[in-house]
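Colleague: I have a new model on the screen and would like to talk it through. Could you take me around it, one region at a time?

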Amino acid sequence: MRKKLRVGVLFGGVSGEHEVSLRSAASILEAIDRRTYFPIEIGISKTGKWYVGEGVLDYLSGKTDRLPEGCSACTFLPGQPGRFLWLIKGGFPTDQALRVNIVFPVLHGTFGEDGTIQGLLEVAGIPYVGAGVAASAVGMDKAFMKDVFKTHGLPILPYLVVRKPFAPDLEQRVGDTLGYPCFVKPANLGSSVGITRVETPEQLREALEHAATFDHKVLIEKAAVNCREIECAVLGNDDPKASICGEIIPKRSFYDYEAKYITDDTELVIPADLPESIVRQIQDLAVKAFKAIDCSGMARVDFFLCGDEIYVNEINTIPGFTSISMYPKLWEASGVSYPELIHLLIKLGLERHRKNRRLKRTF
């Protein structure tokens with residue numbers, strides 16, 4: 001009988017998207033094929049403490065107020081390839097606590113989607129699902145992402161990047177270069193956390209201060225007015241493929257955190273009602289955006305469709321995996337079931353790791 005692959009599902013974290021990560025992990029743990037895989041819960045609390053074992057998700061989700069028996073509180077240490085080493089609370093380092101064949105990170109946002117956890121796994125020699133260090137970092141930083149997209153000739157909306165202290169004439173500058181309304185966003189965050197739609201110059205300062213509580217770098221972007229929000233999922237490594245397109249129809253002023261993960265009043269239209277020529281253009285741009293940042297495994301690419309004009313909004317290298325998230329829904333509608341999607345992503349992660357191991361590191 002073939003031995004099951006041990007998959008470390010890594011979730012939680014210290015970012016503003018901690019709760020989103022828990023929801024994504026719950027969906028993956030429910031859907032993963034346990035005949036093929038042995039999932040291991042690896043959770044990080046909001047204070048940065050690591051926990052491993054069955055029941056960690058319930059503990060971090062607040063469903064139980066004590067760590068389940070058999071779980072360990074630990075401090076992560078890089079070890080031999082394929083192993084996690086940690087210091088058991090009050091004990092000594094051990095390399096027998098956990099072995100994994102691959103890690104499936106669903107750490108959305110800071111310290112999870114930005115290349116930091118990917119770098120840690122690279123140093124430890126552990127295969128993982130999704131984008132590498134550089135692609136994760138560029139995909140997370142909206143300012144770098146826009147610069148890369150611009151260099152590759154992808155259509156994007158005008159933007160400015162600012163830092164504190166904000167210039168006294170910034171309201172006028174924004175009005176002259178971008179116009180109102182505009183969006184103010186922390187450069188490094190996801191799930192619409194810290195984002196404000198600014199309608200008038202008088203609202204700009206408050207929005208900037210709010211965004212600056214999440215990141216030192218702030219992106220101000222021209223709003224796409226009367227435009228449709230289209231999303232496309234990408235899957236693959238060297239030869240990525242795009243899914244069918246979906247449309248987000250928010251009931252709020254924009255598709256914010258609450259609309260994405262808490263309420264169900266946002267309409268998700270899959271497939272989007274689009275001419276075939278527009279679908280092909282969006283799919284082509286999605287793959288180009290994926291390749292532009294040197295992505296691998298998975299990504300969701302978001303677009304604005306303004307009449308016949310298409311603009312790339314952003315790329316998400318660890319898209320949401322909750323029960324109402326677009327990425328799995330788009331692939332399901334494209335003929336790839338949720339369990340099969342998890343299987344393919346694990347396969348792609350192992351493939352990428354094997355390919356990287358063949359590279360020469362010394363001379």
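Modeller: Before we start, one term: contact here means heavy atoms within 4.5 Å. Please also keep in mind that this is a predicted model.

Colleague: Understood. Which strands does helix H7 lie across?

Modeller: Helix H7, residues 204-212, lies across E9, E10, E11 and E12. Its direction is at about 25 degrees to E10.

Colleague: And what is the order of the strands in that sheet?

Modeller: The order is E9-E12-E10-E11, in an open sheet of four strands with antiparallel pairing. Strand E9 (159-163) and strand E11 (196-198) are the edge strands, each pairing on one side only. From one strand to the next, the twist averages 25 degrees.

Colleague: How many bridges link E10 and E12?

Modeller: Five bridges join strand E10 (residues 182-186) to strand E12 (residues 217-222), in the antiparallel sense. As one example, Phe-183 has Glu-221 in E12 as its bridge partner.

Colleague: What about helix H6, which strands does it lie across?

Modeller: Helix H6, residues 170-177, lies across E9, E10 and E12. It runs at about 165 degrees to E9.

Colleague: Let us change topic to the end of the chain. At what angle do H10 and H11 pack?

Modeller: The angle between helix H10 (residues 326-333) and helix H11 (residues 338-357) is about 105 degrees, and their axes are 9 Å apart. Angles of 65 to 115 degrees count as roughly perpendicular, and H10 and H11 are therefore roughly perpendicular to each other.

Colleague: Which residues meet there?

Modeller: From H10, Tyr-327, Pro-328 and Trp-331 meet Tyr-338, Leu-341 and Leu-345 of H11. By class, this contact has six nonpolar residues, with no polar and no charged ones.

Colleague: Now the other end. Is strand E1 largely enclosed or largely open?

Modeller: Strand E1, residues 5-12, has six of its eight residues buried, so it is largely enclosed by the rest of the structure.

Colleague: In what sense does E1 pair with E2?

Modeller: E1 and strand E2 (residues 37-44) pair in the parallel sense, over eight bridges. Within that pairing, Gly-8 stands opposite Ile-40 in E2.

Colleague: I am also curious about two single residues. Where is Gln-118, and is it buried or exposed?

Modeller: Gln-118 lies in helix H3, residues 116-124. The residue is buried, because its relative accessible area is 2% and the cut-off for buried is under 20%.

Colleague: What is Gln-118 in contact with, leaving aside its neighbours within four places in sequence?

Modeller: With those neighbours set aside, its contacts are Gly-112, Glu-113, Tyr-128, Ala-131, Gly-132, Val-133, Ser-136 and Ile-318.

Colleague: And where is Ser-61 placed?

Modeller: Ser-61 is in the loop between helix H2 (56-60) and strand E4 (72-74). Ser-61 has a relative accessible area of 35% and is therefore partly exposed. Between Ser-61 and Leu-22 the C-alpha to C-alpha distance is 6.9 Å, although the two are 39 residues apart in sequence.

Colleague: To finish, what are the totals for the chain, helices and strands included?

Modeller: The chain has eleven helices and 17 strands. Of its 363 residues, 55% count as buried. The accessible surface comes to about 17100 Å², and 51% of that belongs to carbon and sulfur atoms. Among contacts between residues at least 6 apart in sequence, 65% join residues at least 24 apart.

Methods. Residues numbered from 1 in each chain as written. Predicted model: local features only at pLDDT ≥ 70, side-chain atom pairs only at ≥ 80, totals over all residues. Heavy atoms only, no water. Axes fitted to C-alpha atoms, helices over the stretch in contact; angles between N-to-C directions. Helix = DSSP H or I, 4+ residues; strand = E, 2+ residues; numbered from the N terminus. Parallel < 35°, antiparallel > 145°, perpendicular 65-115°, else oblique. Nonpolar A, V, L, I, M, F, W, Y, C, P; charged D, E, K, R; others polar. Pairing = 2+ DSSP bridges. Buried < 20%, exposed > 50% of the residue type's maximum accessible area, 1.4 Å probe, protein only. Areas by Shrake-Rupley, 256 points an atom, 1.4 Å probe, with all protein chains shown as cover.
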